[in-house]
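Dear colleague,

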Amino acid sequence: MNADQSPTSVRSNWRLAGLSSRLRSAMPCRETLAAHPWLKPVAHRLLDRQLWRAQHEAVARGVAIGIFWAFAVPVAQFALATLSCVWWRANIPVAAGMTLATNPFTIGFWLWLAYQLGSLVLDAPPPLALADGAGLLAWLGSFGAPAMLGMGIFALGGALIGYLVVKLVWRMRVGVKRWRRKNTPRTAATATPPAG
């Protein structure tokens, strides 16, 4: 432990390292994906190293694809995101991770929020109440159209915003590195001695 690090910061760094390794072990590897029955037709393309590199354009596309499929469909999001990554040359692990934005624990919240947004856009009347004699299908229909519109807006808007945020963060990171390199004082050891 460094003298300037507190025990709390060391513990939090250890926890982050543990979380990172657990996430990496939970994510499927290239070979596992290539063996998946739904992905066998494109397995030879899945092994392309460009789809697994952390290059900024591929990561930005992966974020956009993952967010889009997370909200666009309720099932098979991972497979659809992977196939889209092959087509669009995007980072597969990032896209797979972003599909987890909607999961069994958060889907209720997202559907409620999508319904609110869809109702606002459509200026929809309040949903029918089952107690008023509305059938189950009519009740679901009164929720369905606004919720589907809201999820579509989340899918497209989230994909666009995710792509732009990654590009912006990457540019800022490159700018900070250049600024640091430019403003770092050169040491005497790096200077060449005068010819004598």
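A residue is called buried under 20% relative accessible area, exposed over 50% and partly exposed in between, with a 1.4 Å probe and protein chains only. Helices (H or I, at least four residues) and strands (E, at least two) are DSSP runs, numbered from the N terminus.

The model is predicted: local features need pLDDT of at least 70 and side-chain atom pairs count only at pLDDT 80 or more, while totals for chains, interfaces and linings use all residues. Residues are numbered from 1 along each chain as its sequence is written, and side-chain values use heavy atoms, with hydrogens and water left out.

The protein contains eight helices and zero strands, in the order α-α-α-α-α-α-α-α along the sequence. Of its 196 residues, 27% are buried. The accessible surface (Shrake-Rupley method, 1.4 Å probe) is about 13700 Å², and carbon and sulfur atoms hold 69% of that area.

Helix α4 spans residues 56-72, 17 residues in total, and reaches 24 Å from its first C-alpha to its last. This is close to the expected 24 Å, which is 1.5 Å times one less than the number of residues. Because 13 of its 17 residues are buried, α4 is largely enclosed by the rest of the structure.

Thr 99 lies in the loop between α6 (92-98) and α7 (107-122). Its relative accessibility is 4%, so Thr 99 counts as buried. Beyond its neighbours within four places in sequence, Thr 99 is in contact (heavy atoms within 4.5 Å) with Gly 66, Ala 70, Gln 77, Phe 78 and Ala 81.

Yours sincerely
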